[in-house]
Amino acid sequence: MQRTAAPNLETALERAAPSRSQWHAWTRGDPALAGLTYRDVRRELRTGDQDRKDRLLGALVRVTRADPDAFAV
């Protein structure tokens, strides 16, 4: 069964989107994010297999540990 994100979750994710310069810095710093846009990562988290989701979530955790204000939430 494919789950879909609630519209309010999508709105919250858009508000928490990093700036373009932040995102580029993060993608350069973590191979799991390389070549992906923030939108790509969000899509992969909804549709990717469990291994892919784990790698992306791990990368996002590393980003937020290195830059606690990363997502301003």
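Me: Where does leucine 36 lie?
Reply: Leucine 36 sits in the loop between helix H2 (20-29) and helix H3 (38-47). Helices here are DSSP runs of H or I with at least four residues, strands are runs of E with at least two, and both are numbered from the N terminus.

Me: Before we go on, what kind of model is this?
Reply: This is a predicted model, where local features need pLDDT of at least 70 and side-chain atom pairs count only at pLDDT 80 or more, while totals for chains, interfaces and linings use all residues. Residues are numbered from 1 along each chain as its sequence is written, and side-chain values use heavy atoms, with hydrogens and water left out.

Me: OK. How many helices and strands are there in the protein?
Reply: The protein has four helices and zero strands. Read from the N terminus on, the elements go α-α-α-α.

Me: Back to leucine 36: buried or exposed?
Reply: Leucine 36 counts as buried because its relative accessibility is 16%. Buried means under 20% relative accessible area, exposed means over 50%, and partly exposed is in between, using a 1.4 Å probe and protein chains only. Of the 73 residues in the protein, buried ones make up 29%.

Me: Which residues is it in contact with, leaving aside neighbours within four places in sequence?
Reply: For leucine 36, those are Trp23, Thr27, Val41, Arg52 and Leu56. Contact means heavy atoms within 4.5 Å. As for tryptophan 23, its C-alpha atom is 9.3 Å from that of leucine 36, and the two residues are 13 apart along the chain.

Me: And threonine 27, where does that lie?
Reply: Threonine 27 is in helix H2. With a relative accessible area of 13%, threonine 27 is buried. Apart from neighbours within four places in sequence, threonine 27 is in contact with Leu33, Ala34 and Leu36.

Me: What about proline 31, buried or exposed?
Reply: Proline 31 has a relative accessible area of 70%, so it is exposed. Proline 31 lies in the loop between H2 and H3. Its C-alpha atom is 9.7 Å from that of arginine 55, a residue 24 places away along the chain.

Me: New topic. How many aromatic pairs does a search of the whole structure find?
Reply: The search turns up two. In one, the rings of tryptophan 23 and tryptophan 26 have centres 6.0 Å apart and planes at 75 degrees, so this pair is edge-to-face. Rings of Phe, Tyr and Trp (its six-membered ring) pair if their centres lie within 6.5 Å; planes under 30 degrees apart are stacked, over 60 edge-to-face, and the rest tilted.

Me: Where do tryptophan 23 and tryptophan 26 lie?
Reply: Both are in helix H2, three residues apart, which is about one turn of the helix. Tryptophan 23 and tryptophan 26 are both buried.
The other pair joins tryptophan 23 to tyrosine 38, again edge-to-face, at 5.6 Å centre to centre with 70 degrees between the planes.

Me: Why does that pair tie together parts that are 15 residues apart in sequence?
Reply: Because tryptophan 23 is in helix H2 while tyrosine 38 is in helix H3. Tyrosine 38 is buried too, with a relative accessible area of 14%. Ring pairs link Trp23, Trp26 and Tyr38 into a cluster.

Me: Which residues does the largest nonpolar core have?
Reply: That core has eleven residues: Trp23, Trp26, Ala32, Leu33, Leu36, Tyr38, Val41, Leu56, Ala59, Leu60 and Val63. H2, H3 and helix H4 (50-66) each supply at least two residues of this core. The largest share, four residues, comes from H4. A nonpolar core is a set of buried Ala, Val, Leu, Ile, Met, Phe, Trp, Tyr and Cys residues joined through side-chain atoms within 4.5 Å.

Me: Last one. At what angle do H3 and H4 pack?
Reply: The angle is about 135 degrees, and the axes are 8 Å apart. That makes H3 oblique to H4. Axes are lines fitted to C-alpha atoms, for helices over the stretch in contact, with angles from 0 to 180 degrees between N-to-C directions. Under 35 degrees counts as roughly parallel, over 145 as roughly antiparallel, 65 to 115 as roughly perpendicular, and the rest as oblique.

Me: Which residues in H3 and H4 meet?
Reply: From H3, Val41, Glu44, Leu45 and Arg46 meet Arg52, Lys53, Leu56, Leu57 and Leu60 in H4.
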